[in-house]
Structure formats: C-alpha cells, structure tokens
Amino acid sequence: MSPNGPQQKKWVSALHSALESFSVFMQRVTHELGILVIDKGMRSVVGWYDSRHGNAPSSFANGKGCHNSAPDTSVLEAEISRLHHSIDALRQEAVRKDAEISRLRDSNASLSRESEALQAECRDLREQCRQLTDREHTLIEEADSLRSRCLPQSNVPACIYYAQGDTSGEYLRKAVTRWSDDCVYEIHTHPGDTSQGEFYPVVNRDLQYVIDNRNVTLAACRINLIAPGAVDIAVVANGRVSLEGGKWKVIEKAIIELI
C-alpha cells in the first residue's frame, strides 16, 4: 500500500462531499430557475389572454400579485350612494302615490254617492215615463172610441150662430146658438168645416137704432147705398168669417144697402 493511501482517501472523501454539495446547489438553482420560467410563462399567458379579451390591467402583467394590490372601494361607494338616492326618490314617489290613492278613494266615494243619487233619479223618471205611457195609451183608446162615434168631417152639418159686432169691425163677438135681441149678425158655417162661415146682418129689434148708429153697429159691413130716410137693410153679398182662437174674425165684410 502506498504511503499516499490515507491522504488520497481524504481527498476522495472531500471531493465526494463537494460534489454532493454542488449537486444540492444545482438542484436548488434548477428549482428556482424552473419557478422563474413557469412564472414568466404564466405571466405571458395571462397577458396574451388579457390582450385577446379586453384591456383590463392584469396584476400579473404589471408584476404585482393580486394579494399585494390595495382594493379600490370608490366605485362601490359611489354606487352605494347612487342606490341611496334612488331609494329616497322611490320612497318619496311611494308617499306621493299613497296620497294620490287616498285622494282617488275620496273622489270615488263622492262619485259613488252621486251615482246612487242619479240612479234613484233615473228610477223616478222611468216610473214617471211608465205612468205617462199608460196615460197615453188610455187617451189613445178614448180618442179611438170617440172617433168611432163621430161623423166624418164631410158629413158634419152646417151650424148657425148669432153674434154682435165690435166697434173695429174686425171680429163678431158673443156668438151663440140661440137668437137674442142684442144680436145683429147671423153666421152660417160650411158643411164639413165648422171653422169657416158666411155672415150677414139680421135685425129683428131696434132696426132704426141700428141704422142710425151704423158706424158702430154695422162696422163689419160695407155700405154701398144709403137712401134718404132709410128704414131697412138689404144684403147685397154675404161676408166671410174664420174661427181663430175661439173668435170669429172678419175675413171679408158683408155688402149691404140701407133703403
């Protein structure tokens, strides 16, 4: 055995230890390099993904971890403030709607009372209409009954009336069906028409008085001749009268002569 044997074993042992240390060091370096490579690769992937899906900044691309960035609450606070304002506005709108509902309920109650009053009035009017309809039917039946007992107008006979004249000569007044001493005119209606007729003077009493006061008593006549000392009345043409408003109106004056 060589005298350098123990010394050689020491060098081998030292070299072996150094190699082991170097191996451990290289493993650690390799581990750290792997972590760096993976981190860099992941950051590249995230950056590529952000560039494809938006421009939002990435904490990895900026070299900052998500746990290292401080949270930004200003946006949330602004949104919360906006929501508070919206809630207040909605509450105010709800109060206004409640007041409007209350007003509408009061108005609806008033309208309901008016509707009930109008319905009652309609019922009364319907009852009045029914009564009037019944009365109309009764009158129609009475009229039909009277018509069945009446003569046709063409068969209505002429009538004779006796009347006085007025000072204007426009009307014959106080027409009656029976002669009286103060009557001056005789009226004959037309057959079938009792509203039209002819008249002429007929004096059975106080004839001279009538002649002497002819401007009043014979105002409904036109006098064509006045004989000296006239004592009688001669009818030249009958006058015509028409029944208007219950009065006999002179349509055409009678033509007479005083003889």
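The side chain of T189 reaches the backbone nitrogen of C159 at 2.6 Å. This is a polar contact (a pair of N or O atoms within 3.5 Å; within protein, one must be able to donate a hydrogen and the other to accept it, and residues adjacent in sequence count only if both atoms are side-chain atoms). The model is predicted: local features need pLDDT of at least 70, side-chain atom pairs count only at pLDDT 80 or more, and totals for chains, interfaces and linings use all residues. Residues are numbered from 1 along each chain as its sequence is written, and side-chain values use heavy atoms, with hydrogens and water left out.

T189 lies in strand β3. Strands (E, at least two residues) and helices (H or I, at least four) are DSSP runs, numbered from the N terminus. T189 is buried, at 3% relative accessibility. Buried means under 20% relative accessible area, exposed over 50%, partly exposed in between (1.4 Å probe, protein chains only). Beyond four places in sequence, T189 touches A158, C159, Y161, T194, Q196, G197 and W248; contact means heavy atoms within 4.5 Å.

The largest nonpolar core holds 20 residues. Such a core joins buried Ala, Val, Leu, Ile, Met, Phe, Trp, Tyr and Cys residues through side-chain atoms within 4.5 Å. L172, Y185, F199 and L218 touch the most other members. Two or more residues each come from β3 (185-190), α3 (207-212), β8 (247-252) and β9 (254-258). The largest share, three residues, is from β9.

C159 is partly exposed, at 26% relative accessibility. C129 is also partly exposed, at 47%. The structure holds zero disulfides (pairs of cysteine sulfur atoms within 2.5 Å).
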